[in-house]
Amino acid sequence: MKTIQRKSMLYKTRVEYGDYTMNHVMGCSHGCKYPCYAFLMAKRFGKISSYNDWIQPHIVSNTLDILDKEIPKLKDKIQSAHLCFTTDPFMYGYDNIKEISLSAIKKLNDAGIKCTVLTKGLLPIELSNYSRENEYGITLISLDEEYRKKIEPGAAPYGERLAAIKTLHEQGCKTWVSVEPYPTPNIISQDLNAILQAVSFTDKIIFGRTNYSKEITAYTDHKKFYNEQAIKVKRFCIKNKISFHIKKGTITGDKVID
């Protein structure tokens, strides 16, 4: 695997449910085609040249050295550190990325910093030995493997993702599921309730629409659709005593989520 170096790692994120974050890999082998905002921005600012370039990840070789310098300076400011918003800490089939991610989490935890994790890969069982304050999440927008192969071609199969996060949950870890970016029926016809039932064991669910897609806005009733799905998520979570967060922009108009 090719490597790059960076001058900094931890930074304050503007993502609505985030605090600090780190991205210790450039690119992502999962190759999501939602489209992927991280890929669009990396291409726009000249960090990568093409989709094929993007799906060949470059690990930041000096990640741990940077953390050794930054953690003492920032630890009193950080409520939580997220891995990751523009890449994936546990890319499917990349053990070297897994190992550096685990090492980074350990360094952060040893300094008293809570970590949150989000992946379309497999959450490793080793995480059960880390801080109980950590929160481990997967992205799950469907249960249809044919759709996964089309839209998330390099990511872990849905069943494997679910099995890995459920194992951690059974080990007493805090877990969460991001049902985002959720597709409209013109892209795939599916029942959101089935997805919610599949993740009903988790501690928190985040739900959000798909953005930056002409296919979504081409669906005439997309605003009404997302309002209705957001209501389903809220009602399901309240009934099952699961925390939830509806992403900004998912609910539109004057609709009140009751």
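Reader: What is the lining of the second largest pocket like by class?
Author: That lining has five nonpolar, four polar and four charged residues. Ala, Val, Leu, Ile, Met, Phe, Trp, Tyr, Cys and Pro count as nonpolar, Asp, Glu, Lys and Arg as charged, and the others, Gly among them, as polar. This is a predicted model, where local features need pLDDT of at least 70 and side-chain atom pairs pLDDT 80 or more, while totals for chains, interfaces and linings use all residues. Residues are numbered from 1 along each chain as its sequence is written, and side-chain values use heavy atoms, without hydrogens or water.

Reader: What volume does the second largest pocket have?
Author: About 170 Å³. Of its 13 lining residues, Tyr17, Ser80, Thr116, Glu135 and Lys204 are the closest to the centre. A pocket is an open set of points on a 1 Å grid over the protein atoms alone, where a 1.4 Å probe fits, with protein on both sides within 12 Å along at least five of seven lines; lining residues have an atom within 4 Å of a point. Volume is the space filled by probe spheres set on the points, which are joined across faces, edges and corners.

Reader: And the volume of the largest pocket?
Author: About 1,600 Å³.
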